[in-house]
Amino acid sequence: MGTGRLCEQVPFTDIHNLDTRIKDLWSGDDWRLAQLWTALPSDHTDQIRYHKPFINATVEDTMVDWILENIQQDSTTFLSTFWKIWRNRNNAVFNLQQTSIWESFYSTNSLIHVIRKVFMLDAVIDSCPPRLVKWNAPMEDQIAINTDGSVNQHGAGFGGLIRNADGTLIKGFHGHLHNSDILRVELHAVWKGLELCWSLNYRKVLCLTDSLLAVELVRDEVSRFHHYATIIHEV
């Protein structure tokens, strides 16, 4: 027994006949509950006998067969829709939050699009040849810091990892910025990463970033009137 909202409304019975189907227990106009290995309480059996099942012979025998058939046709669309319906149903039952049809439609389409994009389900494998990527290790007496930044509609963030010549992680860092463009975020990541290395008493540092513009601004002299002159001079 439980104490949740659902348990207060629905009597609970643990039935171990996992392979039993409804049509195995329904014959003519009555339930054959004696076929169950589980002994049901009398008040439960009385409630069950009030309900007559609808059995359609053209429908698959089990829910599993129906799910597998739809997965084979279009797994992304089917599973995404199935998940959204189940999630919306739980929100309605447990959180009393109603979701409109159009909201469900657009959120499901968005989920399908993200899954296809992430896993490249619409792309031709041969058109995207593999590309080897490796980590550049520093010299024995150095440490390496890899930094990166990102900007989206919710804000901007940066982070990085500090590792030694063996690739062992020494420390990581991250941070957030507001109303920033990608250049400032990349420069900020390099600045904070080097500042952290200095605080850890590391003086020989190999700094790696994917922003060529940030590297050029730090390497070359820039005017003190540059928009990000303060960060560049700190680096």
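Predicted model: local features only at pLDDT ≥ 70, side-chain atom pairs only at ≥ 80, totals over all residues.
Me: Where does T147 sit, and what is it in contact with?
Reply: T147 has its place in strand β3. Leaving aside neighbours within four places in sequence, its contacts include G159, G160, F173 and A189. V190, L208, T209 and D210 are also in contact with T147.

Me: What makes the 11 residues, with I143 and C197 among them, a nonpolar core?
Reply: A nonpolar core needs buried residues of nonpolar kinds joined through side-chain atoms within 4.5 Å. This set, the largest such core, holds I143, I145, A156, F158, I162, F173, L177, V185, A189, L196 and C197. The elements giving two or more residues to this core are β3, β4, β5 and α6, and α6 gives the most, with four. In soluble globular proteins, nonpolar side chains tend to be buried together.

Me: What does C197 touch, not counting residues up to four places away in sequence?
Reply: C197 touches I143, I145 and I162, along with Y202, R203 and V205.

Me: How do you know which residues of α6 and α7 meet?
Reply: Contact means heavy atoms within 4.5 Å. On the α6 side, L183, E186 and L187 meet L213, A214, L217 and V218 of α7. These residues divide into six nonpolar, no polar and one charged. Glu counts as charged, so E186 is the charged one.

Me: How do the axes of α6 and α7 cross?
Reply: They come within 9 Å and cross at roughly 65°, and α6 passes α7 in a right-handed crossing.

Key: Residues numbered from 1 in each chain as written. Heavy atoms only, no water. Axes fitted to C-alpha atoms, helices over the stretch in contact; angles between N-to-C directions. Left-handed = near helix turned anticlockwise from the far one by under 90°. Buried < 20%, exposed > 50% of the residue type's maximum accessible area, 1.4 Å probe, protein only.
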